[in-house]
Number of protein chains: 2
Amino acid sequence: MPKIVNHEEKKEQIAAATWRVILRGGMKGATVRSIAKEADISLGALRHYFSTQDELLAYAMQLVRERANARIQAILSETLPPKTMVRRVLFEIVPLNEDTRAEMDVWLAYVFSLGRKADSLGVQQEIYSGIRKMIEYLDHRRLLREDLDKELTAETLYSLVDGLAMHAFLEPRRLTKERTAAVLTSYLDSICIEEA
Amino acid sequence: MPKIVNHEEKKEQIAAATWRVILRGGMKGATVRSIAKEADISLGALRHYFSTQDELLAYAMQLVRERANARIQAILSETLPPKTMVRRVLFEIVPLNEDTRAEMDVWLAYVFSLGRKADSLGVQQEIYSGIRKMIEYLDHRRLLREDLDKELTAETLYSLVDGLAMHAFLEPRRLTKERTAAVLTSYLDSICIEEA
């Protein structure tokens, strides 16, 4: 009887191999050949699932997006005080454990490998618009300090989140998860009034 | 009479070609071959100056460092109110004009291409220690708000600076230089007391 292979499962396995290759040596080493080797399949088999390297990378990055979104949706469905909810969502974007760190690392390696193309692809749009919504939400719940410019505050928080992600990638030994969490928490406190 | 070629000048020309190649297509396209073509020299001539691609990249990045340091030293030698001085120095690190934007873009493309190797190379150490010194300086001049944790404030500013640089790279159309400057200025205001 022929072995039944779940197509989606196989694609996810290949995507996971792609992540490992990127994490080890950056995007430069993430060739179709090295990914096939890491996934322990032939080049031909890999090409059956992904006909180009760009297609493979796009899929691997789509998985990063979906995983992060699923975790955020789970938090949004809980009943939490507004500021706690915002903090919890932010903690899913910045790398605070091995899984989210790996996700963010491959994400950053990917977007930077795009060079000038990154802009037209709008790769970061979801993160920025998500953070704007969080600021709107805090304001709507009357937790945002009234003297703040909402636009600038969203831009600042967005830069802070990605700067932390970048440093967690470049300096994982120095920037511990405790320190990352403390920076975000103290910034959030500085823009909010006390929660009732 | 044989043409006299200035060795250092030639190396800088090659480094500039390297930057252009990286800016156009990211690190992936920055091969010795494409850089030689961009610099309009033979592969052999390029190898005369840089025997490996790593050597060439390291030199191009060293130039980024030196240029930024020279600009910062020029500001430090001026007589400026402390907070103004700190803001001016920060404005040399975040990309606020075409030159510094190009510098930061190649810098980021470079550090991210290193993958996990970036940590052991300590590529970002200079920026982080510079920012710590700025916070110490503000505190020493009694301009830093007294309720702040200096360590966390330095970490926050450091993340903010690199997050802005990252977004200027990924979203140059949205994140204008005016907006970048406004974010940094408002953050600096938020951690400082009024300058006398």
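This is a predicted model: local features need pLDDT of at least 70, side-chain atom pairs count only at pLDDT 80 or more; totals for chains, interfaces and linings use all residues.
I started with the interface: about 4300 Å² is buried between chain B and chain A, and carbon and sulfur atoms give 58% of that area. Buried area here is the accessible area (1.4 Å probe) that two parts lose on being put together, summed over both.

Residues are numbered from 1 along each chain as its sequence is written, chains are lettered from A in the order in which they are written, and side-chain values use heavy atoms, with hydrogens and water left out.

Next I looked up contacts (heavy atoms within 4.5 Å). I get 43 residues of chain B touching 44 residues of chain A.

Then salt bridges, meaning a side-chain nitrogen of Lys or Arg within 4 Å of a carboxyl oxygen of Asp or Glu. The rule finds six across this interface. I noted down Arg179(B) with Glu151(A), at 2.8 Å from N to O.

Which elements of chain B give two or more residues to the side that touches chain A? My list reads α1 (7-25), α4 (53-76), α6 (98-113), α7 (117-121), α9 (150-170) and α10 (177-191). Helices are DSSP runs (H or I, at least four residues), and strands are E runs of at least two, numbered from the N terminus. α9(B) brings the largest share, 14 residues.

Last, I checked chain A against UniProt: an unreviewed entry places "domain: HTH tetR-type" at residues 8-68. That span is 79% helix and 0% strand, with its end C-alpha atoms 19 Å apart.

Methods:
UniProt positions are given in the numbering used here, feature names are shortened, and annotations may be inferred rather than shown by experiment.
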